[in-house]
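Trainee: I have a model open and would like to learn how to read it. Could we go through it feature by feature?

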Protein chains: 2
Amino acid sequence: MKKHNFSAGPCVLPQEVMKKASEAIINFNGLDLSLIEISHRSKDVVEVMETARSLALELLGLEGKGYKALFLQGGASLEFLMAAYNLLEKKAAYLNTGTWSSKAIKEAKMLGEIVEVASSKDANFNYIPKGYSIPEDADYFHCTSNNTIFGTQIKDFPKTNIPMVCDMSSDIFSRQLDFSNFDLIYAGAQKNMGPAGTTLVVVKEDILGKVSRPIPSMLDYRTHIDKDSMFNTPPVFAIYVSMLTLQWLKDLGGIPAIEKINEQKASLVYTEVDRNPLFKGFAAVEDRSSMNATFNLTDESHKETFDALWKEAGINGLNGHRSVGGYRASMYNALSVESAQVLVDVMQELERKAG
Amino acid sequence: MKKHNFSAGPCVLPQEVMKKASEAIINFNGLDLSLIEISHRSKDVVEVMETARSLALELLGLEGKGYKALFLQGGASLEFLMAAYNLLEKKAAYLNTGTWSSKAIKEAKMLGEIVEVASSKDANFNYIPKGYSIPEDADYFHCTSNNTIFGTQIKDFPKTNIPMVCDMSSDIFSRQLDFSNFDLIYAGAQKNMGPAGTTLVVVKEDILGKVSRPIPSMLDYRTHIDKDSMFNTPPVFAIYVSMLTLQWLKDLGGIPAIEKINEQKASLVYTEVDRNPLFKGFAAVEDRSSMNATFNLTDESHKETFDALWKEAGINGLNGHRSVGGYRASMYNALSVESAQVLVDVMQELERKAG
């Protein structure tokens, strides 16, 4: 049965990527060996790592601009700590837009003073705060570009003279931004890039080496830069699948091409959420995420019918996060416009049935 | 061409595991979805995690003895730091048997005083020190059970009243030990357990919570215990393959059964190293690893011929580590006795040719 995978992450990846990944587990690059049984120091695996690193910089438009791309482990959760370990000398500024921002703040607080420049906690994080000011004497400003749980997304990033750090786990490679405005970007692979198990870190080298604390080897970005992201055995499979997905994106036309498709999917779903009297959107309209559309039923008595309808249609992963309830349609890069249309059809079918 | 994979890690895994892993990338558990595109909170993935955790404890004979098994990220390299973060209050005792022990010592030194109880650095780590004493006022004793690079292995572990921490990355699940003598065991998956990308941690709960320092969430074993090893998105694929490999080992008869096979392979190779005048072993005979046999040519002029011979025979990954030179035959659990015999045949063929 054809599935329509709206899972919030790990999530849908391109079918051709799955096929190549499956084949590589049996016979990688025609070596008569599996991708997962050969040395990470072998020519073929080193080439995977180098290709993935260079595709990441190329797609973000950051080649030749002083940035390094690394594929690490531990997810954004470990980056919350690493970012602070590498950059926080005295004080840092954080924008709190949800669960992940809050967790980033918690870890950073162990290493210095954290100024929360603004928070949307007062409204269960259903909007992005605006008009806040960033202290110029902070070591850096940290924000979360897209909030998977609440379905909000920063559209306009603040201007600041201090380094800007961004957790882009759930919308990297999905929309055009001037990525050179950021000094450190990190993202767990398991949304727009690959399977769970690796974290992309893109760091401008000149922001490093400025804190006085000693940094443990594994938490020091410079360790990983010096060793070309192979300080220790990297998560080969997750990096290989990320490389294939980045190659797929490049072949498609890169970020400008996928952005159009993502806007098309988001427009289909949000138009229906706004039109259909049985649904209401959760996030503030101007802050709606193009990746995760959060919405609720206006009348909970339709829940059973709706749940049956979408499951029958082959839709997967539509349940909302417990913090918000209702539904969440995650429309990452590899989700087809067709899948978004299937969801809209099901929402309309509910209206007919309930009518 | 049939390959004989002696790679030091990532390394050979059972063929049936590869086949199942490859299939799960296309269709996992008959869900019409890939293993790598579904939520880690889904019933099927939670079951993978729980099965892997429980198989690990069962195979080690640690069920019901106060231990928890965790599948984390970051490899042994991150455990060097985590072990110290969780256990080191003032002073810890380390046995230095090679590169990995030395790295563990380096990271721990950032958090307290380290007493190096003994070291075999004086002889390029070609033996395991014995007869050392462990200070009873240390917070714990740390050792490396098997030294991949040098081909040495601890046969008799010291008796001590303080907690014993062991990096078993390269020989866990390969031989019978009383694992309940250890309080914390960690191991990167990429030798006897699975692909690179996850780390097995087996920890006795009652040793935790005794240090006064605050521990960052991701580095705190209690965080991961509290969340059943799903504090953040786990590396699903690597854990799935580890689960399959542990299941394969259980079906084979567990550690007692694989130990016999491992001894057979090691005996084949070491007997030939000792018999054949063209080779000499690197490690002290009594400390020889059953996982990694390190040996050199007695006359380097045979190098070209030998390298051509083993490559023609389909052997992969036989080059020694740069710290030792020569050759290293890594004979992890999934390597067949047949492959060990092929290596012996090639060594004998060299003797005939050189004769």
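Mentor: We will take sheets, helices, aromatic rings and symmetry in turn. Keep in mind that this is a predicted model.

Trainee: Start with sheets. What pairing does the open sheet of three strands in chain A have, and in which order do its strands come?

Mentor: The general idea is that strands of a sheet pair through backbone hydrogen bonds, either parallel or antiparallel. Here the pairing is antiparallel, and the order in chain A is 11-12-14. Strand 11 (279–281) and strand 14 (327–330) of chain A are the edge strands, as each pairs on one side only. From one strand to the next, the twist averages 35 degrees.

Trainee: How many bridges join strand 12 of chain A to strand 14 of chain A?

Mentor: Four bridges join them, with strand 12 covering residues 292–297 of chain A.

Trainee: Which strands of chain A does helix 7 of chain A lie across?

Mentor: Helix 7 (residues 254–275) of chain A lies across strand 11 and strand 12 of chain A. Its angle to strand 12 of chain A is about 20 degrees. Helix 8 (residues 303–312) of chain A lies across strand 11, strand 12 and strand 14 of chain A. Helix 8 of chain A runs at about 25 degrees to strand 14 of chain A.

Trainee: Now a parallel case. Which way do strand 3 and strand 4 of chain B run, and how many bridges join them?

Mentor: They run parallel, joined by six bridges. One bridge pairs Ala92(B) with Ile114(B) in strand 4 of chain B. Next, look at burial. For strand 3 (residues 91–96) of chain B, six of its six residues are buried. Lys91(B), Ala93(B) and Leu95(B) point one way from the strand. Ala92(B), Tyr94(B) and Asn96(B) point the other way.

Trainee: How many aromatic pairs does a search of the whole structure find?

Mentor: Over all chains, 22. To classify a pair, read the angle between the ring planes: over 60 degrees counts as edge-to-face. Phe279(A) and Phe295(A) have ring centres 5.6 Å apart and planes at 85 degrees, so this pair is edge-to-face. Phe279(A) lies in strand 11 of chain A and Phe295(A) in strand 12 of chain A, so the pair ties together parts that are 16 residues apart in sequence. Are these two buried or exposed? Both Phe279(A) and Phe295(A) are buried.

Trainee: And in chain B, why is the pair of Phe157(B) and Phe182(B) edge-to-face?

Mentor: Because their planes stand at 85 degrees, with the ring centres 4.9 Å apart. The pair links distant parts of the chain, 25 residues apart. Phe157(B) is in the loop between strand 7 (152–153) and strand 8 (164–167) of chain B. Phe182(B) is in the loop between strand 8 and strand 9 (184–188) of chain B. Phe157(B) and Phe182(B) are both buried.

Trainee: Which residues form one aromatic cluster in chain A?

Mentor: Phe279(A), Phe295(A), Phe306(A), Trp310(A) and Tyr327(A). Lys311(A) lies over the face of Trp310(A), 5.2 Å from the ring centre. In chain B, Lys311(B) lies over the face of Trp310(B), at 5.2 Å.

Trainee: Last, symmetry. What rotation superposes chain A on chain B?

Mentor: A rotation of 180 degrees, with 0.0 Å of shift along its axis and an RMSD of 0.0 Å. That is the relation of a two-fold axis. In chain A, the C-alpha nearest the axis belongs to Ser22(A), at 2.3 Å. The same surface serves both copies: 100% of the contact residues of chain A recur in chain B.

Methods. Residues are numbered from 1 along each chain as its sequence is written. Chains are lettered from A and ligands numbered from 1 in the order in which they are written. This is a predicted model: local features need pLDDT of at least 70, side-chain atom pairs count only at pLDDT 80 or more; totals for chains, interfaces and linings use all residues. Side-chain values use heavy atoms; hydrogens and water are left out. Two strands pair if DSSP finds at least two bridges between them. Helices (H or I, at least four residues) and strands (E, at least two) are DSSP runs, numbered from the N terminus. Axes are lines fitted to C-alpha atoms, for helices over the stretch in contact, and angles run from 0 to 180 degrees between N-to-C directions. Contact means heavy atoms within 4.5 Å. Copies are superposed by least squares on the C-alpha atoms of residues with pLDDT of at least 70 in both. Rings of Phe, Tyr and Trp (its six-membered ring) pair if their centres lie within 6.5 Å; planes under 30 degrees apart count as stacked, over 60 as edge-to-face and the rest as tilted. Buried means under 20% relative accessible area, exposed over 50%, partly exposed in between (1.4 Å probe, protein chains only). A charge sits over a ring if NZ of Lys or CZ of Arg is within 6 Å of the ring centre and within 35 degrees of the ring normal.
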